[in-house]
Amino acid sequence: TVDEVTNSLFTTPSVRPHYYTGIVTHGVYTIRAFSVVHAGHGSIRVGAARPSDERGSLMPSLARAASPKYLLQCLCKAPGLSTSEESEEAILRIQLQKLAINAVINPLTTIFDCLNGQLFDNPRRLALSRPLLSEISSVISSVFASSMREKSDGQAMSNFSIPILEQIVLEAANQTAENVSSMRQDMLNGRRTEIDHINGYIVEQGAKFSVDCSMNHIMVQLINEKRKLADAEIPDIFSGAKRD
């Protein structure tokens, strides 16, 4: 994350690089080292990002705004990439909504060993996703509000409401119905998953904002233990978690 890079390499603001973050929807897959297939056209949305110790301060962002944007300009001009520049608020909103999608679909398809489109065919799995999404909603709402220099209005915060997030997650599952989630691919191929940077991040931020994230904590444990679950095991495994 931006904070991890800042804390380990660029602790002095005056010598920090200019951070940009992006969301890529192009379909790609790796066939060998340094060889990637562009399997489906999508888009790239890029925006400036600030470490947490600069949030709430105008000076660093003003300095960044006046700095050259050569890399960003090249990306926006490159044919076939469909790159657009987004505001800091917009890119954070898109990031957090994508985090919500990944924090639900990735671990659940992995522990139930199913395709994305099979996940919510089962009412038990759909019911399980709701308390998980409730925790995620509370956390990312807090992250968004704390990252903005000005108080966010109700319309901006509604992007992280449970009904909106559930709609986004269900749409993503339907649109990628025949896909194997990246976390399930990693598990099937014996690779380390990104669970600590997805649901683990939710748990970490939950502790920061005093939000109970027991469902996400269980997800992290299950994935790190390489557990697979049958639907009948859901009540026993999640009995200790607070569920709405």
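How many disulfides does the count come to by the distance rule? The count comes to zero, where a disulfide is a pair of cysteine sulfur atoms within 2.5 Å.

## Basis of the model

This is a predicted model, in which local features need pLDDT of at least 70 and side-chain atom pairs count only at pLDDT 80 or more, while totals for chains, interfaces and linings use all residues. Residues are numbered from 1 along each chain as its sequence is written, and side-chain values use heavy atoms, with hydrogens and water left out.

## Cysteines

The sulfur of Cys76 has its closest cysteine sulfur in Cys74, and because the separation is 9.5 Å, this is too far for a bond. Cys76 counts as partly exposed at 35% relative accessibility, whereas Cys114 is buried, with a relative accessible area of 3%; buried means under 20% relative accessible area, exposed over 50%, and partly exposed in between, with a 1.4 Å probe and protein chains only.

## The three-stranded sheet

Three strands form an open sheet of mixed pairing in the order S1-S4-S5, and its edge strands, S1 (20-24) and S5 (83-85), each pair on one side only. On average, neighbouring strands of this sheet are turned by 25 degrees against each other, direction ignored. Helices (H or I, at least four residues) and strands (E, at least two) are DSSP runs, numbered from the N terminus, and two strands pair if DSSP finds at least two bridges between them.

S1 and strand S4 (residues 44-48) run antiparallel and are joined by five bridges, with Ile44 in S4 as the bridge partner of Val24. Helix H4 packs on the sheet, touching S1 and S4, and its direction makes about 50 degrees with that of S1. Helix H3 (residues 70-77) lies across S1, S4 and S5, running at about 135 degrees to S5. Axes are lines fitted to C-alpha atoms, for helices over the stretch in contact, and angles run from 0 to 180 degrees between N-to-C directions; contact means heavy atoms within 4.5 Å.

Strand S2 (residues 27-32) is hardly covered, since the count of buried residues among its six residues is zero. S2 pairs with strand S3 (residues 35-40) in the antiparallel sense over five bridges, one of which has Ser35 in S3 as the partner of Arg32. Two residues lie between the strands of this hairpin, and Phe34 in the turn has a positive phi of about 65 degrees.

## Helix H9

In helix H9 (residues 199-208), Asn199, Gly200, Ile202, Gln205 and Gly206 are buried, and the buried residues of H9 pack against helices H4 (88-111), H5 (123-147) and H10 (214-224). Just after H9, Ser210 takes a positive phi of about 60 degrees.
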